[in-house]
Amino acid sequence: MSKDLSLLTRPVTSSLLAALLLGLGGLAQAQSSVTVFGIVDAGVQYLKNGDKTLHLLSTDGQQSSRFGLRGVEELGGGLKAGFHLEGALNPDTGTADSNRFWGRRATVSLISDAAGEVRLGRDFTPTFWSISRFNVFGTNGVGGANNLIYGFDGSSSSAKTIVRSDNSVGYFLPEKLGGVYGQAMVAAGEGSDGKYLGLRLGYATGPFDVAVALSETDNPGGKKFKVYNLGASYKIGDAQLMGLYHVSKEGAREQANYVLGAIYKIGAGQLRASYVHSENSGDLKKGDYSGNLFAVGYRHNLSKRTSLYSTISRVDNSDKGSFVIRGGSAVQAGQSSTGFEAGITHSF
Amino acid sequence: MSKDLSLLTRPVTSSLLAALLLGLGGLAQAQSSVTVFGIVDAGVQYLKNGDKTLHLLSTDGQQSSRFGLRGVEELGGGLKAGFHLEGALNPDTGTADSNRFWGRRATVSLISDAAGEVRLGRDFTPTFWSISRFNVFGTNGVGGANNLIYGFDGSSSSAKTIVRSDNSVGYFLPEKLGGVYGQAMVAAGEGSDGKYLGLRLGYATGPFDVAVALSETDNPGGKKFKVYNLGASYKIGDAQLMGLYHVSKEGAREQANYVLGAIYKIGAGQLRASYVHSENSGDLKKGDYSGNLFAVGYRHNLSKRTSLYSTISRVDNSDKGSFVIRGGSAVQAGQSSTGFEAGITHSF
Amino acid sequence: MSKDLSLLTRPVTSSLLAALLLGLGGLAQAQSSVTVFGIVDAGVQYLKNGDKTLHLLSTDGQQSSRFGLRGVEELGGGLKAGFHLEGALNPDTGTADSNRFWGRRATVSLISDAAGEVRLGRDFTPTFWSISRFNVFGTNGVGGANNLIYGFDGSSSSAKTIVRSDNSVGYFLPEKLGGVYGQAMVAAGEGSDGKYLGLRLGYATGPFDVAVALSETDNPGGKKFKVYNLGASYKIGDAQLMGLYHVSKEGAREQANYVLGAIYKIGAGQLRASYVHSENSGDLKKGDYSGNLFAVGYRHNLSKRTSLYSTISRVDNSDKGSFVIRGGSAVQAGQSSTGFEAGITHSF
């Protein structure tokens, strides 16, 4: 067992370093208490956007590939401190996020069993969680509702806070509130854009789960970017049904999204199906700008940590719509987009 | 316990890879013996530089946020090998240092209990350690003496070796020399600037600690950048007093810095106060170019790994001085700068 | 032992996060099962290319410095899942590969004891392995045969697949085939260049090891870049002999390389010697474009994880040849190049 212990032994030179850095003997002597974790998700993908086809070694078809470190320290009296550092990676090319290595999340927290958690740093926004939680394909792969939802949010004039926010202070309700969960986030603009305020409130009990969320972001040029959504899920036997209504607004522009989905458990596998309808209005509307996404997939769990998956999806557009399965070419208005992928997800 | 062991088990495919890479069977078969460590420090900050105010989600107010790996291997006969890889990170935005991921330190060492340590790579310079060690706020936050000291060092014409040096070979005295400690560093210019030579010698016994350090760096344009400092600390009861005299020179330019500080222990907390006076002379001197920094702070330790802190500081300038609390706007000559921050430091 | 367990304990907040990200309760609950590994290799180097000399703090003289994570999960029934993330680092400057943090390898695998391994992601190419495996200095340092071999491969018109390929699907024969080993790799061009197909087949038994490999890459401009090689090694007493014949071709250009080497074990040390002859023909040939590399080195193992090394090498060119020891200046045609290095390699 001596080999095991070596992993956690603090070498003399490093204790010295820590003491030197602090200028004080021993006070900040770090003890290793860290979980190294991650996901590698890769597969093969076929995309046909309009007339153009593409074969890819794809990534993140089921879950976003990542590398992270996290830990929680018991401080006594129901108080904990915690940290979470997590960044994206791309197994197809070996790249990480070169701009934000820890860009998925970088936070430090003070957590009280009774009073909840205060969290500082870069974190997911409250409004993002409902997109992910009430969507059978999450926000990944050819079947993800984000292919349509981010068609508005992801455009050049939209906010950086669709998924995450820099410079945030977050508050999370404690866990034991009889099924009620919730969070609030404020983020500093620091003299520029990006100032954010968001809230989420949910209730989960037995087979039911329902949540509402809303946010406002200061976009460049003094524009306000607003999001609100309502999501719910219901388990019945081996099935789970999900629904999400999600609206994004900036000035006169608005996109409303309706997401329906179902998961059906078959032994170690899951059948998943999703339908998304998105409508743009306001200054993007030139006639009928809308689109539909249909997706069907199967996931086979080889273990809790490893699964194989396959998904097929199709996006159809109205006359003026140009929604697309992300990752390939753009389409012309009214064209459709088809995607297929098969891959493996491995967590560590 | 089988779960624990899995962390250290070397998978077959990877042993094979190592063997292939080496072209030799088994000689370099790595065994995991690594400590994963880091710090996440975030808070809220208010800065007023001249007339301009700024609210920030701040980082590194008490210690620099970081991620690192390190380890020491016993080779027998009082000999050890060691490595240390450590880089900066910013929890407010999830960024790492995109130019130098392991930029805080990247070294490999051979360490003899009797003869000392030889260390190769990128490392802190000997002259840096006294700035950090004899300064109650270290080199972090609104109260750090580096706000003034780096006013010269950090300017465009100064050396890259204020804190660290690339391409270095360092030697450290062994630990058991009756309180004497010391190090020397040489760094290669590699056909460009940055050639460095530095020394540090100290003596720590009972409540006393005193050290001198000096260095010379080849700056761009053939200029010599020279640093020397003398620091001391003394513990008396629950108090610790610190003083540092630090001088930086390049040609006719010179900055002398006088740092005084005190730490007073109150239960699990510490009161800290610091005064810094800095004077520029030589080609920067247009009349009286000097400044003073006053800082008071309180640190409350929730554990050895986690603490809360709050600091308030003020920089006053002479008629021609433009020292500033770093992180906000520049000030005009003679203007003052005020800073406040409160945050949390968590080590892992 | 409670300290040990903390490393592997999954904190509550993170389980929750994983569940939220997946949108499904508990299915992808990650358990830590990861080996953190790496190498730090640094030394001092002297290079004389033509008339120009250079002193360096060098890296990777014996093995490439790196940081990585890997793991294998038993799925039952002789099936395993595995991942491998590995990137380069430079201890002289603290940099990582800023373009591809995990650029050495980023793969996820499904491994069957009976049927072999399927591997997706960025990985070493089959043809690379013989350059490394049948070369006493691997592809590192002043003695590496790659100094000449990459003289062609590494030129501007050559393929990105000399060492690794993006977007690859690899297949590896299972391990228990009576000494036969092999792999195949295909990589997608994804609508651009870089499409790759490579094969390697070898046989290792007792003191013998022999392998052939070949590949074809779609280079920019529709050019085909082709590589083939044949390598062998033989152990006799304390000695090991190695030979490699390696050819790179693109259109009329061709470079043939002949590598011979020997390793002789002396207690905890190894004497190593290598001779390389390389000939360019085709559009690079202006008269006789060829070069020879002679290298001798000694490696002293302080442990399985740590060794000291020293290597001296010389490159001589024909009238038109301009091969060089990599890392310093270019040479004029016909000039020679001399290199010396001494360093330490530490694995963790």
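The points below go through some features of this model, which is predicted.

1. Over all chains the structure holds 42 aromatic pairs. Among them is the edge-to-face pair of F67(C) and F101(C), with 6.5 Å from centre to centre and 75° between the planes. This pair links distant parts of the chain, since F67(C) belongs to strand 3 (residues 66-76) of chain C while F101(C) sits in the loop between strand 5 (95-96) and strand 6 (105-112) of chain C, 34 residues apart. F67(C) counts as buried, because its relative accessibility of 2% is under the 20% cut-off, and F101(C), at 7%, likewise counts as buried.

2. A further partner of F67(C). The ring planes of F67(C) and W102(C) stand at 40° with the centres 5.7 Å apart, so this pair is tilted. It also links distant parts of the chain, W102(C) lying in the loop between strand 5 and strand 6 of chain C, 35 residues from F67(C). With a relative accessibility of 1%, W102(C) counts as buried.

3. One aromatic cluster is formed by F67(A), F101(A), W102(A), F67(B), F101(B), W102(B), F67(C), F101(C) and W102(C).

4. Cavities. The structure holds 16 cavities of 30 Å³ or more, and the largest cavity contains about 160 Å³ of space. Its lining is made up of 16 residues, of which S98(A), S98(B), F101(B), S98(C) and F101(C) lie nearest the centre. By class, the lining residues of the largest cavity divide into six nonpolar, six polar and four charged.

5. Strands 8 to 10 of chain C. Strand 8 (residues 164-172) and strand 9 (residues 180-187) of chain C run antiparallel and are joined by five bridges, with Y171(C) standing opposite A184(C) of strand 9. Strand 9 of chain C also pairs in the antiparallel sense with strand 10 (residues 196-205) of chain C, over eight bridges, and here Y181(C) stands opposite G202(C) of strand 10.

6. L201(B). This residue lies in strand 10 (residues 196-205) of chain B and is partly exposed, with a relative accessible area of 49%. Between L201(B) and G182(B) there are 4.2 Å from C-alpha to C-alpha, although the two are 19 residues apart in sequence. Beyond its neighbours within four places in sequence, L201(B) is in contact with L173(B), V180(B), Y181(B), G182(B), V210(B), A211(B) and V212(B).

7. Helix 3 of chain C. Helix 3 (residues 126-133) of chain C is mostly covered, with eight of its eight residues buried; F128(C), W129(C) and R133(C) are among them.

Note on methods:
Residues numbered from 1 in each chain as written. Chains lettered and ligands numbered in written order. Predicted model: local features only at pLDDT ≥ 70, side-chain atom pairs only at ≥ 80, totals over all residues. Heavy atoms only, no water. Buried < 20%, exposed > 50% of the residue type's maximum accessible area, 1.4 Å probe, protein only. Helix = DSSP H or I, 4+ residues; strand = E, 2+ residues; numbered from the N terminus. 1 Å grid on protein atoms, 1.4 Å probe; cavity = no way out; pocket = protein on both sides within 12 Å on 5 of 7 lines; lining within 4 Å. Points joined across faces, edges and corners; volume = space filled by probe spheres on them. Nonpolar A, V, L, I, M, F, W, Y, C, P; charged D, E, K, R; others polar. Pairing = 2+ DSSP bridges. Contact = heavy atoms within 4.5 Å. Phe/Tyr/Trp six-rings, centres within 6.5 Å; stacked < 30°, edge-to-face > 60°.
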